[in-house]
Amino acid sequence: MALGGACVNGFVPVAMLMGAAFAVEAGKVPFPASTATPAQRAPGPVGPKGGPKPTGRRFSSCPFVSFGAHGNSTSVYGNFASVGALGAGRFGGGKVGSFSAWPFRKPAVPVSAKVVGAGQGQTVRIWRQGREYLALPSALPSDCRSEKPDARSLKIRRGTAEMSFGQDGSCFLYNGCKIFLGFPFFWEKQELYVSRADFESKIQPLIHPQGIAAKIPVPRTLVLDAGHGGKDSGAVARGVSEKTWTWDVVQRLRQQLSSLGYRVIMTREGDKFVPLADRVAATKRAQPDLFISLHFNACSNAGARGFEIFCFPIPGAATHAGSRQRGNASVSVVNHAFVAGNTIGAYALSSCLHDAFPHLENRGIKAERLQILRNNPCPSVLVEGGFMTNAQDFEIFSKPENREKLAGAIVEGIEKYRANVERIGH
Ligand SMILES: [Zn+2]
């Protein structure tokens with residue numbers, strides 16, 4: 001996306017672009033030492049891939065959020081299977097509630113105060129400010145192994161996949177990929193609590209995708225959205241327009257995907273201006289199984305660099321955990337039916353991009369209230385391939401062979417996503 005304003009040290013909404021409110025983050029704040037595992041593949045959790053990040057690396061745009069102000073009481077309930085008021089499903093090895101169950105209702109009667117280990121049918125839950133939180137790892141199946149390296153960090157492993165939570169409540173790492181939560185997690189009495197919304201949309205789809213209830217379509221028909229076009233150049237750097245690169249990569253993508261048998265629909269052909277509303281309408285008509293929008297980033301801070309992937313925020317969540325820009329949970333958003341698929345798709349793409357460009361910074365999987373994603377009837381992601389305003393990123397993607405490589409990495413991510421969806425099997 002073309003982000004024409006300042007974006008230093010924190011969250012600065014910088015542009016209204018074709019009707020969509022955008023924000024960009026380029027501030028540098030500390031992130032706990034990486035707990036990334038080596039790049040591996042596994043049949044269980046959503047394919048661990050992405051490789052290690054250097055210990056002590058500083059990640060951008062991951063603001064620390066304090067929880068000291070929360071004062072609601074803590075309650076412990078029995079397993080979800082016995083909490084009929086939730087009406088959505090089961091935890092502890094079974095299906096998890098569908099997203100249509102939101103907004104959550106507090107069960108009338110606490111069922112149990114006993115807390116037992118993961119997979120024993122007991123999930124520890126508390127309520128804060130009207131929102132339900134689950135203790136990890138109690139909400140996960142028994143084949144998830146957990147350890148606490150210290151009082152304020154938790155690692156969960158399933159197969160060869162690793163999920164780690166540290167000091168920063170706004171995000172966690174999955175096989176080294178930073179994933180932002182809709183609501184910050186917090187610690188209480190030695191337990192780590194994540195919102196049920198985040199658990200169902202971001203944590204379970206990765207570490208235990210067989211547990212999700214939502215149906216994710218196997219990708220066969222894809223919509224590719226080349227950002228900008230025509231009078232809308234997008235970002236411009238060193239005489240190059242973003243629209244040129246997005247069109248170039250999307251053409252390569254179409255060629256590669258078509259040769260693999262995918263049905264590919266484009267939201268624009270050639271250097272043509274297509275309003276966002278028309279792109280959304282075309283996507284709706286196509287009824288695709290997966291939507292991918294491609295952009296390159298820009299920032300007034302030339303140090304901002306790397307690739308990142310955006311999904312639409314989960315219901316009621318902020319653009320990022322800790323941000324005040326929260327959505328109205330009662331507003332119907334079509335894409336909210338696909339939050340689990342969004343995460344699985346975004347992670348598959350992120351890990352393949354990381355493997356293809358190990359020296360390109362991986363800024364993680366984030367959420368933005370983007371019009372191009374809001375009402376898509378399928379899992380949908382927006383890929384920012386790199387910063388045109390950064391000398392290193394520009395150098396990389398100014399080379400046609402690297403744009404071909406980028407297209408190849410996205411194709412590989414789509415194939416990985418398809419394999420994961422097929423493995424879930426519903
Ligand atoms: Zn753009």
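Modeller: Begin with contacts: two residues are in contact if their C-beta atoms, placed from the backbone, lie within 7 Å. This is a predicted model, and in its chain residues 24 or more positions apart account for 70% of the contacts with a separation of 6 or more.

Colleague: How many helices and strands does the chain have, and what percentage of the residues is buried?

Modeller: There are seven helices and 19 strands. Of the 426 residues in the chain, 54% are buried.

Colleague: How is confidence read, and which stretches stay under 50?

Modeller: pLDDT is the predictor's confidence in each residue, from 0 to 100. Where pLDDT is low, the predicted coordinates should not be read in detail. The chain averages 77, and 70% of the residues score at least 70. Residues 2–43 stay under 50, although the model has 130 contacts beyond four places in sequence for them. Residues 48–120 also stay under 50, with 175 such contacts.

Colleague: Now the core. Which members of the largest nonpolar core touch the most other members?

Modeller: That core has 99 residues, and those touching the most other members are Leu136, Val194, Ile292, Tyr347, Leu349, Val381 and Ile410. Helix α4 (residues 339–356) supplies the largest share, nine residues.

Colleague: Why does this core lie between domain 1 and domain 2?

Modeller: Because both domain 1 (11–26 + 215–424) and domain 2 (80–202) give residues to this core.

Colleague: Take one member, valine 381. What does it touch?

Modeller: Leaving out residues up to four places away in sequence, valine 381 touches Ile292, Ile309, Phe310, Cys311, Asn342, Gly345, Ala346 and Leu349.

Colleague: Ile292 is in strand β16. Is strand β16 largely enclosed or open?

Modeller: A residue is buried if 20 or more other C-beta atoms lie within 10 Å of its own. In β16 (residues 290–297), eight of the eight residues are buried, so the strand is largely enclosed by the rest of the structure. Leu290, Ile292, Leu294 and Phe296 point one way from β16, while Phe291, Ser293, His295 and Asn297 point the other way.

Colleague: Which strands pair with β16, and in which sense?

Modeller: Strand β12 (residues 221–226) pairs with β16 in the parallel sense over five bridges. In that pairing, aspartate 225 stands opposite serine 293. Strand β19 (residues 380–387) also runs parallel to β16, joined by six bridges.

Terms used: Residues numbered from 1 in each chain as written. Predicted model: local features only at pLDDT ≥ 70, side-chain atom pairs only at ≥ 80, totals over all residues. Core = buried A, V, L, I, M, F, W, Y, C linked by C-beta atoms within 7 Å. Buried ≥ 20, exposed ≤ 12 C-beta atoms within 10 Å, placed from the backbone. Helix = DSSP H or I, 4+ residues; strand = E, 2+ residues; numbered from the N terminus. Domains from an automatic or database assignment. Pairing = 2+ DSSP bridges.
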